Amino acid sequence: MSNRTGLRLLALVVASASLLSGARAADSVKVAIGQIDAWANQAPTLGMKAGIFQKHGIALETFGTQGAGETLQAVISGSADIGIGIGTAGAMRAFARGAPVRAIAAAYVGVGDQYWYVPANSPLKSLADATDKHTMAYSTNGATSHVVALGFVKQLGVKANSFEAGATTEIYTMTMSGQIDMGWAVVPFGLAELQEGKIRVIARGPEVPTLRNQTIRVQIVNANALKERKDVIVRFMRAYRESLDWMYSNPLAVKYYAETIKQPESLVVMQRDQYNPKEALSPDRLSDIDQVMADAVEMKFLDAPLNKAQLAEFFQIPPPGS
């Protein structure tokens with residue numbers, strides 16, 4: 001064997017060993033995602049498809065839930081390391097009661113992606129038409145939709161009875177069959193049906209005044225996972241931020257998402273730009289937290305606002321570049 005051939009073989013062996021080492025080094029992270037098909041919750045799914053998490057040595061195991069309530073329980077129990085799209089008030093409530101949860105990112109500011117609808121032939125024209133004989137859906141207890149529904153009742157005086165109804169697809173079926181008077185959805189779900197005239201929007205989240213500028217949702221982590229695998233969680237957040245940037249800059253994100261939800265790319269672009277501006281999804285934007293807690297107290301999510309020390313313990317967002 002010539003020296004040149006030997007060196008080439010050695011280089012091949014080293015390269016192969018390096019690839020195997022890189023594969024072994026990928027850290028598995030279990031991620032629970034409420035309303036997994038919502039654009040605002042797509043960073044893990046699309047980031048994996050784009051190879052971004054893999055580049056940071058992360059292999060995600062994602063699974064969907066019926067909503068934030070189920071996602072929160074998955075993180076508390078340890079069956080998920082990270083939970084995506086948790087209502088801030090619900091996460092704070094769990095934390096205040098001693099649950100092992102911490103917030104590692106802001107998820108959404110405002111409630112512009114939430115809406116309530118009725119079948120096109122419904123006699124209801126507005127929330128003001130609803131009586132205590134009418135029903136108004138939300139996803140799960142502690143979810144953003146729950147907070148908004150409570151806001152409709154407490155701040156706008158809506159008389160309808162709100163109740164937990166699960167995922168958007170189930171709610172749509174129950175609403176269109178008359179089991180629910182007013183359904184709930186998060187965009188882009190239902191936008192095609194809206195354009196086709198099958199449903200009418202009867203209310204949107206921003207109609208609750210105090211919710212318009214709040215960090216209404218957060219991404220959470222199991223506190224034990226954060227303590228034991230902090231480097232992994234920090235790398236997760238690096239990949240998460242990069243995935244968000246990619247979602248708003250690369251046309252492949254629109255293509256992949258359109259294929260997932262089986263809707264035209266034009267509808268994906270519309271819902272992204274009109275309902276989900278990038279700044280609303282910033283992981284570092286904590287907005288109006290005092291009002292978040294004030295509303296949480298009024299709505300019986302919290303007995304009292306978290307104090308300064310509790311807030312410092314609850315919010316453990318890895319800084320950009322860390």
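# Burial, ring pairs and enclosed space

Q: Which residues of α5 are buried in this predicted model?
A: In α5, the buried residues are Thr88, Ala89, Gly90, Ala91, Met92, Ala94 and Phe95. The model is predicted, not experimental.

Q: What makes helix α5 "mostly covered"?
A: The count does. Helix α5 spans residues 88-96, and seven of its nine residues are buried. Buried means under 20% relative accessible area. Gly98 follows α5 and has a positive phi, near 95°.

Q: Why is Ser122 called buried?
A: Its relative accessible area is 10%. The cut-off for buried is under 20%, so a value of 10% qualifies. Ser122 sits in the loop between β5 (114-119) and β6 (135-138).

Q: What makes the approach of Ser122 to Leu124 a polar contact?
A: A polar atom of the Ser122 side chain lies 3.1 Å from the backbone nitrogen of Leu124. The limit is 3.5 Å, so the pair is within it.

Q: How many aromatic pairs does the whole structure hold, and what makes Trp39 and Tyr248 one of them?
A: The search finds 11 aromatic pairs. In the pair of Trp39 and Tyr248, the centres are 5.8 Å apart and the planes stand at 80°. Centres must lie within 6.5 Å, and planes over 60 degrees apart count as edge-to-face, so this pair is edge-to-face.

Q: Why does the pair of Trp39 and Tyr248 tie together parts of the chain?
A: Trp39 lies in the loop between β1 (27-34) and α2 (43-49), and Tyr248 in the loop between α10 (230-247) and α11 (251-261), so the pair bridges 209 residues of sequence. Both Trp39 and Tyr248 are buried.

Q: What makes Trp39 and Tyr257 an edge-to-face pair?
A: Their ring centres are 5.1 Å apart, with 70° between the planes. That angle is over 60 degrees, so edge-to-face applies. The pair links distant parts of the chain, 218 residues apart, with Tyr257 in helix α11.

Q: How do you know that Trp39 and Tyr257 count as buried?
A: Trp39 has 0% relative accessibility. Tyr257 has 0% as well. Buried needs under 20%, so both pass.

Q: Which residues do ring pairs link into a cluster?
A: The cluster holds Tyr115, Tyr117, Tyr172 and Phe189.

Q: Where do the charged ends of Lys49 and Arg217 sit?
A: The charged end of Lys49 is over the ring of Tyr256, 4.7 Å from its centre. That of Arg217 is over the ring of Tyr108, 4.5 Å from its centre.

Q: What lines the largest pocket?
A: Its lining has 22 residues, with Asp37, Thr168, Thr169, Phe189 and Ile261 nearest the centre. The pocket has a volume of about 430 Å³. By class, 12 of the lining residues are nonpolar, eight polar and two charged.

Q: How many cavities of 30 Å³ or more are there, and what lines the largest?
A: There are two. The largest cavity holds about 140 Å³ of space. Its lining has 17 residues, and Gln35, Asn41, Gly85, Gln114 and Arg217 are closest to its centre. The lining elements with two or more residues are α6 (144-156) and β8 (183-186).

Q: What supplies the largest share of the lining of the second largest cavity?
A: Helix α13 does, with three residues. This cavity holds about 50 Å³. Thr88 and Ala89 are among its lining residues.

Definitions and conventions. Residues are numbered from 1 along each chain as its sequence is written. Side-chain values use heavy atoms; hydrogens and water are left out. Rings of Phe, Tyr and Trp (its six-membered ring) pair if their centres lie within 6.5 Å; planes under 30 degrees apart count as stacked, over 60 as edge-to-face and the rest as tilted. Helices (H or I, at least four residues) and strands (E, at least two) are DSSP runs, numbered from the N terminus. Buried means under 20% relative accessible area, exposed over 50%, partly exposed in between (1.4 Å probe, protein chains only). A charge sits over a ring if NZ of Lys or CZ of Arg is within 6 Å of the ring centre and within 35 degrees of the ring normal. On a 1 Å grid over the protein atoms alone, a cavity is a set of points where a 1.4 Å probe fits but cannot get out, and a pocket is an open set with protein on both sides within 12 Å along at least five of seven lines; lining residues have an atom within 4 Å of a point. Grid points are joined across faces, edges and corners, and a volume is the space filled by probe spheres set on the points. Ala, Val, Leu, Ile, Met, Phe, Trp, Tyr, Cys and Pro count as nonpolar, Asp, Glu, Lys and Arg as charged, and the others, Gly among them, as polar. A polar contact is a pair of N or O atoms within 3.5 Å; within protein, one must be able to donate a hydrogen and the other to accept it, and residues adjacent in sequence count only if both atoms are side-chain atoms.
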